[in-house]
Amino acid sequence: MIIQGKTNKWELVIGLEIHAQLNSKSKLFSHSSTKFGEDNNEQVSYIDAAMPGMLPITNKKCIELAIKAGLAVNAKINTFSVFDRKNYFYPDSPQGYQISQLFYPIVSDGNMQITKDNGEKKTITINRIHIEQDAGKSIHDQSPIETFIDFNRVGVPLIEIVTDPNFNEPSEVEQFMKKLRNILRYIDVCDGDLEKGSMRCDANVSVRKKGDNKFGTRVEIKNLNSFKYINKAILYEANRQVELLEEQQDIVQETRLFDVNLGQTKSMRKKEEANDYRYFPDPDLLTLKISADFINNIKNNLPELPEDKKRRYINNFHLTTYDAEVLTADKAVAEFFEIIAKKVDPKLAANWICAELFGRLNKKGIEFYKMPITSENFCTLLQLITDNKISGKIAKDVLDIMFENNNSPEEIVKKHNLMQISGTDEIEKYIDEVLNSNPEKVKEFKSGKEKLFGFFVGQVMKISKGKANPQNVNEILTKKLHSI
């Protein structure tokens, strides 16, 4: 992305540090629960509270999940890994340091491919993934003069995914974040719930003159946990830096927060360097030595990834690339589709999910996971179409009613008398009525205006209230018109 300043053109450069909470029921170094939404300070052990003499014990499950994440992004799993202490004082960190990994992370040298807005493919390199514990939470809105601390999140297990500064547009960041979130959810490493803070992004933003190979001074935008605001935050910060540089002012290397109400970034604190934290290996934790068998066992049990699933849908189910991408963009949607595709034609299922179901969800502003329709009922609806018990038009009306009362499609069809009419005698009566009511149209058709065939079909469907079997109507109408 190029930003046009008053005197120069500027190039945007972005690198990411993404924190993802691991799907572990207990914390990284203690047995305390990680359950979300519990009362303040109810999930704090003596280890979490940093009581004297308490020794941390590494959670094996978290090691497995970090390795899973590394394998899913084509990264190298390091068989030698060390936990370090990152020393800093902050009220919500009772230890006075954070246990993280600096010198020997568990994962390095990964990559992911994204699709840019113009359709081009771009490879994003992942420098490292390391394991670390989360800090607590400062609460400022309970008193006008006091700040309270909730230690429930202290020790919650995270992986930090650090990319190289490969991004040049905010839209690339959004694409990467969405794809990464989808992968982590597919492999059950992180639930990806942005609202609960299970996944959040720190964006390192800098600008440089177009054509300059030297990086500018980077500014970190902390805790972006909404796709909606990622673009806005990065774009605002880039323009802020350009304005300063055009006025011959220096960029201060600092950490900033994005104020969603003002649409602006605000200074939070001066950005520290690694040596400011006085990193050193944690003396209470053993070195991680991971065997090849341990890694291979995780690799062999890795679930099907979104890209592999998309290829399978295209090759095996003969879906369009677009439909395959839509269906695999969310793990829950893919699971919903696969349940239905086992019982009805996959292409029919894909068409109805992508067009009819998602169309109604978007119109009503309902997220997929809050949808009132079960996969069983949706499958039954498509089976009614396949069995010629209702037409596609009626099925759309039934689907609308299903959104309102969540009844089964059979109950709705029975209650509203929507069963498709396939009987020859009854359809003939409708056709005769249409032909007798439109003698001039019949003459025009016979004289060569064959496009009127569609008019007759439409009239039959109208007076049958959409219940006449379209295929039977076409067959009988064709015979009738050619016999007149």
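**Helix packing, cores and salt bridges in a predicted model**

Helix α13 (residues 439-446) and helix α14 (residues 452-463) have axes that come within 9 Å and cross at roughly 145°. Axes are lines fitted to C-alpha atoms, for helices over the stretch in contact, and angles run from 0 to 180 degrees between N-to-C directions. Helices (H or I, at least four residues) and strands (E, at least two) are DSSP runs, numbered from the N terminus. The structure is a predicted model, in which local features need pLDDT of at least 70 and side-chain atom pairs count only at pLDDT 80 or more, while totals for chains, interfaces and linings use all residues. Residues are numbered from 1 along each chain as its sequence is written, and side-chain values use heavy atoms, with hydrogens and water left out.

On the α13 side, Lys441, Val442, Glu444 and Phe445 meet Leu452, Phe453, Phe455 and Phe456 of α14, contact meaning heavy atoms within 4.5 Å. The residues of this contact comprise six nonpolar, no polar and two charged. In this classification Ala, Val, Leu, Ile, Met, Phe, Trp, Tyr, Cys and Pro count as nonpolar, Asp, Glu, Lys and Arg as charged, and the others, Gly among them, as polar.

The protein chain is divided into domain 1 (2-293) and domain 2 (424-483), with bounds that come from an automatic or database domain assignment. The centres of the two domains, taken over C-alpha atoms, are separated by 66 Å.

The largest nonpolar core contains 65 residues, of which Ile159, Phe176 and Leu184 touch the most other members. Helix α1 (residues 60-72) contributes the largest share of this core, eight residues. A second, separate core of 41 residues includes Leu319, Ala350, Phe368 and Ile390. A nonpolar core is a set of buried Ala, Val, Leu, Ile, Met, Phe, Trp, Tyr and Cys residues joined through side-chain atoms within 4.5 Å. Buried denotes under 20% relative accessible area, exposed over 50%, and partly exposed in between (1.4 Å probe, protein chains only). Residues up to four places away in sequence not being counted, Leu184 touches Ala20, Ala69, Ile161, Val189, Cys190 and Met199.

The count of salt bridges comes to 33, a salt bridge being a side-chain nitrogen of Lys or Arg within 4 Å of a carboxyl oxygen of Asp or Glu. Lys27 forms a salt bridge with Asp48, in which the closest N and O atoms are 3.3 Å apart. Both partners are in the loop between β2 (9-21) and α1, 21 residues apart. Lys27 and Asp48 are buried. In a further salt bridge, the side chains of Lys35 and Glu38 meet at 3.9 Å, N to O. Lys35 is exposed at 55% relative accessibility, whereas Glu38 is partly exposed at 35%.

The side chains of Glu172 and Lys122 also meet in a salt bridge, with an N to O distance of 2.9 Å. Glu172 belongs to helix α2 (residues 170-186) and Lys122 to strand β8 (residues 121-133), so this pair ties together parts that are 50 residues apart in sequence. Glu172 is buried, with a relative accessible area of 2%, and Lys122 is buried at 15%. Elsewhere, salt bridges that share partners join Lys179, Glu307, Lys310 and Glu325 into one network.

Several loop residues were also examined. Asp92 is placed in the loop between β5 (84-87) and β6 (97-100) and counts as buried, at 8% relative accessibility. Apart from neighbours within four places in sequence, Asp92 is in contact with Ala135, Gly136, Lys137, Ser138, Ile149, Phe151 and Val154. Gly263 is found in the loop between β14 (254-259) and β15 (264-270) and is partly exposed at 30% relative accessibility. With neighbours within four places in sequence left aside, Gly263 is in contact with Tyr236 and Phe258. The C-alpha atoms of Gly263 and Glu120 are separated by 30 Å, the two residues being 143 residues apart along the chain.

Asn41, although not a glycine, has a positive phi of about 60°. Asn41 lies in the loop between β2 and α1 and is partly exposed at 36% relative accessibility. His318, not a glycine, has a positive phi of about 60°. The loop between α5 (306-316) and α6 (321-328) holds His318, which counts as exposed at 55% relative accessibility.
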